[in-house]
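Please open the structure in your viewer and keep the sequence panel beside it. This tour goes from one selection to the next and says what is found at each stop.

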Amino acid sequence: MKKSLIGIFVACAASVCMTGCKTQLAETPEIQKSSVENVNNVLCFENAASFVEMLNAAEKTGLEVRSVISSRAVAGEDFVSMMDVVLNSDEIESEEALNEFISEYPKVLVDSDYIDSEGENVTVYNLAVAPQLATLVNPEGLVLVGGTVYNVLDEGEFEKLSNVCKNTQTERSVFTVYDGLPTSIPLAHGVTAGPQYSVKDFTTEINGREVVVQLWKGYCPLVGGSGGVGAEIGLYNKVNFSKKIWMPDFKHCVNMSYSLIYKKKGTTYLTRSGYTWWLNGWRIFELAPSIWGNNYTLKYTINGITRSW
(Lines give C-alpha, C1' and ligand atoms only; values in the text may rest on other atoms or scores of the structure.)
Protein backbone atom coordinates (compact mmCIF):
# COMPACT_ATOMS: atom_id res chain seq x y z
CA MET A 1 0.00 0.00 0.00
CA LYS A 2 1.26 3.46 -0.88
CA LYS A 3 1.47 5.91 2.02
CA SER A 4 1.01 9.60 1.34
CA LEU A 5 0.07 12.66 3.38
CA ILE A 6 -3.18 14.07 2.03
CA GLY A 7 -3.43 17.83 2.37
CA ILE A 8 -1.45 20.30 4.46
CA PHE A 9 -2.30 20.55 8.14
CA VAL A 10 -1.34 22.38 11.29
CA ALA A 11 -2.16 20.75 14.62
CA CYS A 12 -1.69 22.68 17.84
CA ALA A 13 -2.55 21.06 21.17
CA ALA A 14 -6.21 20.04 20.86
CA SER A 15 -7.15 22.23 17.88
CA VAL A 16 -6.80 21.36 14.21
CA CYS A 17 -6.72 23.82 11.30
CA MET A 18 -6.56 22.66 7.68
CA THR A 19 -5.12 24.84 4.92
CA GLY A 20 -7.55 25.21 2.03
CA CYS A 21 -10.55 24.10 4.06
CA LYS A 22 -13.27 26.52 5.07
CA THR A 23 -13.94 24.65 8.29
CA GLN A 24 -11.64 25.24 11.26
CA LEU A 25 -11.96 22.61 13.94
CA ALA A 26 -11.40 24.19 17.34
CA GLU A 27 -11.09 22.20 20.55
CA THR A 28 -10.92 18.90 18.73
CA PRO A 29 -11.01 16.16 21.37
CA GLU A 30 -7.62 14.72 22.16
CA ILE A 31 -7.06 11.24 20.81
CA GLN A 32 -4.42 8.84 21.97
CA LYS A 33 -3.30 5.46 20.82
CA SER A 34 -4.78 2.63 22.82
CA SER A 35 -2.58 1.00 25.44
CA VAL A 36 -5.06 -1.81 26.04
CA GLU A 37 -3.37 -5.18 26.06
CA ASN A 38 -3.65 -7.16 22.80
CA VAL A 39 -5.31 -4.22 21.01
CA ASN A 40 -3.10 -2.42 18.49
CA ASN A 41 -3.72 0.46 16.09
CA VAL A 42 -6.89 1.61 17.85
CA LEU A 43 -7.95 5.16 18.68
CA CYS A 44 -8.74 5.76 22.34
CA PHE A 45 -11.46 8.24 23.36
CA GLU A 46 -11.89 9.19 27.00
CA ASN A 47 -15.67 9.05 26.74
CA ALA A 48 -18.58 8.89 24.30
CA ALA A 49 -18.91 12.68 24.19
CA SER A 50 -15.40 13.11 22.75
CA PHE A 51 -16.06 10.32 20.25
CA VAL A 52 -19.29 11.98 19.06
CA GLU A 53 -17.53 15.35 18.89
CA MET A 54 -14.96 13.92 16.51
CA LEU A 55 -17.69 12.27 14.44
CA ASN A 56 -19.34 15.68 14.10
CA ALA A 57 -16.01 17.23 13.10
CA ALA A 58 -15.46 14.55 10.47
CA GLU A 59 -18.93 15.04 9.02
CA LYS A 60 -18.31 18.76 8.40
CA THR A 61 -15.05 18.41 6.48
CA GLY A 62 -13.85 16.89 3.23
CA LEU A 63 -12.54 13.34 3.25
CA GLU A 64 -8.96 14.49 2.72
CA VAL A 65 -9.20 16.43 5.96
CA ARG A 66 -10.90 13.53 7.70
CA SER A 67 -7.98 11.28 6.79
CA VAL A 68 -5.49 13.71 8.28
CA ILE A 69 -7.53 14.15 11.46
CA SER A 70 -7.75 10.43 12.05
CA SER A 71 -4.15 9.61 11.24
CA ARG A 72 -2.33 12.62 12.69
CA ALA A 73 -4.28 13.44 15.85
CA VAL A 74 -2.73 10.42 17.53
CA ALA A 75 0.09 10.93 20.00
CA GLY A 76 3.22 9.16 18.81
CA GLU A 77 2.83 6.73 15.94
CA ASP A 78 0.47 7.22 13.00
CA PHE A 79 -2.90 5.56 13.30
CA VAL A 80 -4.11 3.71 10.20
CA SER A 81 -7.87 3.94 9.85
CA MET A 82 -10.30 2.03 7.66
CA MET A 83 -10.51 5.17 5.53
CA ASP A 84 -6.73 5.46 5.28
CA VAL A 85 -6.26 2.05 3.68
CA VAL A 86 -8.67 3.08 0.93
CA LEU A 87 -7.36 6.61 0.34
CA ASN A 88 -3.72 5.53 0.47
CA SER A 89 -4.10 2.46 -1.71
CA ASP A 90 -2.90 2.23 -5.28
CA GLU A 91 -5.55 2.37 -7.98
CA ILE A 92 -7.17 -1.02 -8.42
CA GLU A 93 -6.43 -1.71 -12.07
CA SER A 94 -7.19 -5.41 -12.32
CA GLU A 95 -9.33 -8.14 -10.86
CA GLU A 96 -6.17 -9.55 -9.30
CA ALA A 97 -5.43 -6.23 -7.58
CA LEU A 98 -9.01 -6.08 -6.27
CA ASN A 99 -8.75 -9.60 -4.89
CA GLU A 100 -5.39 -8.75 -3.27
CA PHE A 101 -6.90 -5.69 -1.58
CA ILE A 102 -9.87 -7.69 -0.29
CA SER A 103 -7.51 -10.41 0.93
CA GLU A 104 -5.34 -7.91 2.83
CA TYR A 105 -8.30 -5.91 4.18
CA PRO A 106 -11.24 -8.34 4.22
CA LYS A 107 -13.46 -6.17 6.42
CA VAL A 108 -13.05 -2.79 4.71
CA LEU A 109 -15.34 -3.23 1.68
CA VAL A 110 -18.78 -4.76 1.22
CA ASP A 111 -20.24 -5.74 -2.13
CA SER A 112 -23.78 -6.15 -3.39
CA ASP A 113 -25.62 -6.89 -6.61
CA TYR A 114 -27.48 -4.10 -8.34
CA ILE A 115 -29.44 -3.76 -11.60
CA ASP A 116 -28.49 -0.44 -13.21
CA SER A 117 -30.67 1.88 -15.29
CA GLU A 118 -29.78 -0.04 -18.45
CA GLY A 119 -30.89 -3.33 -16.96
CA GLU A 120 -27.35 -4.63 -16.50
CA ASN A 121 -26.32 -6.66 -13.44
CA VAL A 122 -23.40 -4.94 -11.72
CA THR A 123 -21.45 -5.46 -8.50
CA VAL A 124 -21.15 -2.36 -6.33
CA TYR A 125 -18.49 -2.03 -3.62
CA ASN A 126 -18.65 0.34 -0.67
CA LEU A 127 -17.06 0.99 2.68
CA ALA A 128 -18.34 -1.30 5.40
CA VAL A 129 -19.24 1.74 7.54
CA ALA A 130 -20.02 5.41 7.05
CA PRO A 131 -17.06 7.54 5.88
CA GLN A 132 -16.89 9.70 9.02
CA LEU A 133 -16.93 6.58 11.19
CA ALA A 134 -14.35 4.89 8.95
CA THR A 135 -11.84 7.61 9.85
CA LEU A 136 -12.06 6.69 13.55
CA VAL A 137 -11.97 2.89 13.44
CA ASN A 138 -9.12 0.64 12.35
CA PRO A 139 -9.37 -1.71 9.35
CA GLU A 140 -10.83 -4.38 11.66
CA GLY A 141 -13.61 -2.00 12.76
CA LEU A 142 -12.28 -1.43 16.30
CA VAL A 143 -12.39 1.75 18.40
CA LEU A 144 -11.90 2.28 22.15
CA VAL A 145 -14.47 4.54 23.83
CA GLY A 146 -14.62 5.10 27.58
CA GLY A 147 -12.34 2.15 28.31
CA THR A 148 -14.33 -0.31 26.18
CA VAL A 149 -13.25 -1.64 22.80
CA TYR A 150 -16.14 -1.77 20.33
CA ASN A 151 -16.22 -3.59 17.01
CA VAL A 152 -18.54 -1.50 14.82
CA LEU A 153 -18.83 -4.39 12.35
CA ASP A 154 -20.46 -6.55 15.03
CA GLU A 155 -24.19 -5.83 15.23
CA GLY A 156 -24.43 -6.28 18.99
CA GLU A 157 -21.38 -4.19 19.85
CA PHE A 158 -22.40 -1.58 17.31
CA GLU A 159 -25.80 -1.22 18.97
CA LYS A 160 -24.16 -0.79 22.37
CA LEU A 161 -21.88 1.96 21.05
CA SER A 162 -24.81 3.62 19.31
CA ASN A 163 -26.82 3.68 22.53
CA VAL A 164 -23.90 5.15 24.46
CA CYS A 165 -23.47 7.86 21.82
CA LYS A 166 -27.16 8.75 21.76
CA ASN A 167 -26.97 9.71 25.42
CA THR A 168 -24.48 12.45 24.54
CA GLN A 169 -26.55 14.11 21.79
CA THR A 170 -29.43 16.53 21.84
CA GLU A 171 -32.61 15.47 20.05
CA ARG A 172 -32.39 16.11 16.31
CA SER A 173 -35.02 15.77 13.60
CA VAL A 174 -32.45 15.65 10.77
CA PHE A 175 -29.86 12.92 10.88
CA THR A 176 -27.11 11.32 8.83
CA VAL A 177 -25.92 7.76 8.85
CA TYR A 178 -23.96 7.75 12.07
CA ASP A 179 -26.93 8.70 14.26
CA GLY A 180 -28.23 5.17 14.02
CA LEU A 181 -24.82 3.78 13.05
CA PRO A 182 -26.12 0.94 10.84
CA THR A 183 -23.34 -1.51 10.05
CA SER A 184 -23.76 -1.83 6.30
CA ILE A 185 -23.49 1.66 4.87
CA PRO A 186 -23.38 3.60 2.56
CA LEU A 187 -26.87 2.47 1.68
CA ALA A 188 -26.49 3.37 -1.99
CA HIS A 189 -25.12 -0.02 -2.99
CA GLY A 190 -28.19 -1.91 -4.13
CA VAL A 191 -29.66 -2.80 -0.76
CA THR A 192 -33.33 -3.68 -1.13
CA ALA A 193 -34.82 -0.95 1.03
CA GLY A 194 -38.38 -1.28 -0.27
CA PRO A 195 -40.48 0.27 -3.04
CA GLN A 196 -40.81 3.56 -1.13
CA TYR A 197 -37.08 4.24 -1.67
CA SER A 198 -36.73 5.20 -5.33
CA VAL A 199 -33.37 4.74 -7.04
CA LYS A 200 -31.83 6.05 -10.26
CA ASP A 201 -28.37 6.05 -11.79
CA PHE A 202 -26.68 7.66 -14.79
CA THR A 203 -23.19 8.17 -16.17
CA THR A 204 -21.74 11.65 -16.59
CA GLU A 205 -18.41 13.49 -16.73
CA ILE A 206 -17.07 15.32 -13.67
CA ASN A 207 -13.76 17.19 -13.92
CA GLY A 208 -12.85 15.28 -17.06
CA ARG A 209 -13.58 11.86 -15.58
CA GLU A 210 -16.44 9.44 -16.28
CA VAL A 211 -18.43 8.95 -13.08
CA VAL A 212 -21.58 7.01 -12.20
CA VAL A 213 -24.10 9.03 -10.17
CA GLN A 214 -26.55 7.05 -8.06
CA LEU A 215 -29.57 8.77 -6.48
CA TRP A 216 -32.02 7.62 -3.82
CA LYS A 217 -35.11 9.35 -2.38
CA GLY A 218 -37.99 8.44 -0.10
CA TYR A 219 -38.32 6.20 2.95
CA CYS A 220 -35.31 4.10 3.96
CA PRO A 221 -36.01 1.64 6.82
CA LEU A 222 -32.30 1.02 7.46
CA VAL A 223 -31.37 4.28 9.22
CA GLY A 224 -32.20 5.97 12.49
CA GLY A 225 -33.70 2.90 14.15
CA SER A 226 -37.24 3.07 12.73
CA GLY A 227 -36.12 4.53 9.42
CA GLY A 228 -36.28 7.96 7.86
CA VAL A 229 -37.35 9.89 4.77
CA GLY A 230 -34.59 11.61 2.83
CA ALA A 231 -32.17 11.22 -0.05
CA GLU A 232 -28.67 10.14 -1.06
CA ILE A 233 -26.23 11.00 -3.83
CA GLY A 234 -23.35 8.61 -4.43
CA LEU A 235 -20.47 8.88 -6.92
CA TYR A 236 -18.86 5.73 -8.33
CA ASN A 237 -16.24 4.62 -10.85
CA LYS A 238 -16.61 1.76 -13.28
CA VAL A 239 -13.27 0.01 -12.84
CA ASN A 240 -11.05 -0.20 -15.92
CA PHE A 241 -11.05 -3.97 -16.13
CA SER A 242 -14.84 -4.40 -15.84
CA LYS A 243 -17.68 -1.96 -16.48
CA LYS A 244 -19.84 -4.21 -14.30
CA ILE A 245 -17.91 -3.39 -11.12
CA TRP A 246 -18.47 -0.04 -9.43
CA MET A 247 -16.16 1.41 -6.79
CA PRO A 248 -16.91 4.52 -4.71
CA ASP A 249 -15.13 7.61 -6.00
CA PHE A 250 -13.24 7.96 -2.69
CA LYS A 251 -10.38 10.06 -4.00
CA HIS A 252 -12.31 12.65 -6.03
CA CYS A 253 -14.71 14.40 -3.68
CA VAL A 254 -16.71 17.33 -5.06
CA ASN A 255 -19.12 19.92 -3.71
CA MET A 256 -22.65 18.56 -3.68
CA SER A 257 -25.99 19.75 -2.35
CA TYR A 258 -29.63 18.83 -2.64
CA SER A 259 -33.16 19.88 -1.73
CA LEU A 260 -35.88 17.27 -1.34
CA ILE A 261 -39.15 18.94 -2.33
CA TYR A 262 -42.63 17.61 -1.58
CA LYS A 263 -44.41 17.84 -4.95
CA LYS A 264 -47.98 18.32 -3.73
CA LYS A 265 -47.25 21.53 -1.83
CA GLY A 266 -43.95 22.57 -3.39
CA THR A 267 -42.36 22.74 0.07
CA THR A 268 -38.75 21.84 0.82
CA TYR A 269 -38.64 18.91 3.20
CA LEU A 270 -34.87 18.52 3.58
CA THR A 271 -31.64 20.13 2.39
CA ARG A 272 -28.07 18.82 2.61
CA SER A 273 -24.66 19.95 1.33
CA GLY A 274 -21.08 18.79 1.63
CA TYR A 275 -17.73 18.09 0.00
CA THR A 276 -17.76 14.34 -0.45
CA TRP A 277 -18.39 11.42 -2.80
CA TRP A 278 -21.54 10.47 -0.88
CA LEU A 279 -24.11 12.94 0.44
CA ASN A 280 -27.02 11.77 2.58
CA GLY A 281 -29.64 12.92 5.04
CA TRP A 282 -33.01 11.83 6.40
CA ARG A 283 -35.65 13.01 8.84
CA ILE A 284 -37.63 10.71 11.10
CA PHE A 285 -40.47 9.34 9.02
CA GLU A 286 -43.19 10.59 11.38
CA LEU A 287 -42.34 14.14 10.25
CA ALA A 288 -42.68 13.35 6.54
CA PRO A 289 -45.75 14.31 4.45
CA SER A 290 -45.18 11.09 2.47
CA ILE A 291 -42.84 8.12 2.60
CA TRP A 292 -42.94 7.46 -1.16
CA GLY A 293 -39.95 8.66 -3.16
CA ASN A 294 -42.01 9.44 -6.25
CA ASN A 295 -43.92 12.07 -4.24
CA TYR A 296 -40.75 14.14 -3.98
CA THR A 297 -38.55 16.04 -6.42
CA LEU A 298 -34.84 15.79 -5.72
CA LYS A 299 -33.18 19.01 -6.89
CA TYR A 300 -29.44 18.46 -6.66
CA THR A 301 -26.19 20.15 -7.62
CA ILE A 302 -22.95 18.26 -8.26
CA ASN A 303 -19.81 20.30 -8.92
CA GLY A 304 -21.83 23.34 -10.01
CA ILE A 305 -24.30 21.55 -12.30
CA THR A 306 -27.93 21.44 -11.12
CA ARG A 307 -30.42 18.74 -12.13
CA SER A 308 -33.83 17.58 -10.93
CA TRP A 309 -35.33 14.13 -10.54
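Begin by selecting Lys107 and Glu140, whose side chains meet in a salt bridge with 3.2 Å from N to O; a salt bridge here is a side-chain nitrogen of Lys or Arg within 4 Å of a carboxyl oxygen of Asp or Glu. This pair links distant parts of the chain, 33 residues apart, with Lys107 in the loop between helix H4 (95–104) and strand S6 (109–115) and Glu140 in the loop between H5 and strand S8 (142–145). Helices (H or I, at least four residues) and strands (E, at least two) are DSSP runs, numbered from the N terminus. Lys107 counts as partly exposed at 37% relative accessibility, and Glu140 is also partly exposed, at 35%; buried means under 20% relative accessible area, exposed over 50%, and partly exposed in between, with a 1.4 Å probe and protein chains only.

Before going further, note that this is a predicted model, in which local features need pLDDT of at least 70 and side-chain atom pairs count only at pLDDT 80 or more, while totals for chains, interfaces and linings use all residues. Residues are numbered from 1 along each chain as its sequence is written, and side-chain values use heavy atoms, with hydrogens and water left out.

Next, select Lys244 together with Glu120, which form a salt bridge whose closest N and O atoms are 3.5 Å apart. Lys244 lies in the loop between S13 and S14 and Glu120 in the loop between S6 and S7, so the pair ties together parts that are 124 residues apart in sequence. Lys244 is partly exposed at 45% relative accessibility, and Glu120 is partly exposed at 35%.

How many salt bridges does the rule give? The count comes to three, and one of them joins the side chains of Asp249 and Arg209, at 3.0 Å from N to O. Asp249 sits in the loop between S14 and strand S15 (254–262) and Arg209 in strand S12, 40 residues apart. Is Asp249 buried or exposed? Asp249 counts as buried, at 2% relative accessibility, whereas Arg209 is partly exposed, with a relative accessible area of 22%.

Now move to Val129, in the loop between strand S7 (121–127) and helix H5 (131–134). Val129 is buried, with a relative accessible area of 0%.

For the next stop, select Glu91, Ile92, Asn237, Val239 and Met247, which lie nearest the centre of the second largest pocket, among its 24 lining residues. On a 1 Å grid over the protein atoms alone, a pocket is an open set of points where a 1.4 Å probe fits, with protein on both sides within 12 Å along at least five of seven lines, and lining residues have an atom within 4 Å of a point. Strands S12 (209–220), S13 (228–238) and S14 (245–248) each supply at least two residues of this lining, and the largest share, four residues, comes from S12.

Finally, show the whole protein chain, which has seven helices and 19 strands. Of its 309 residues, 50% are buried.
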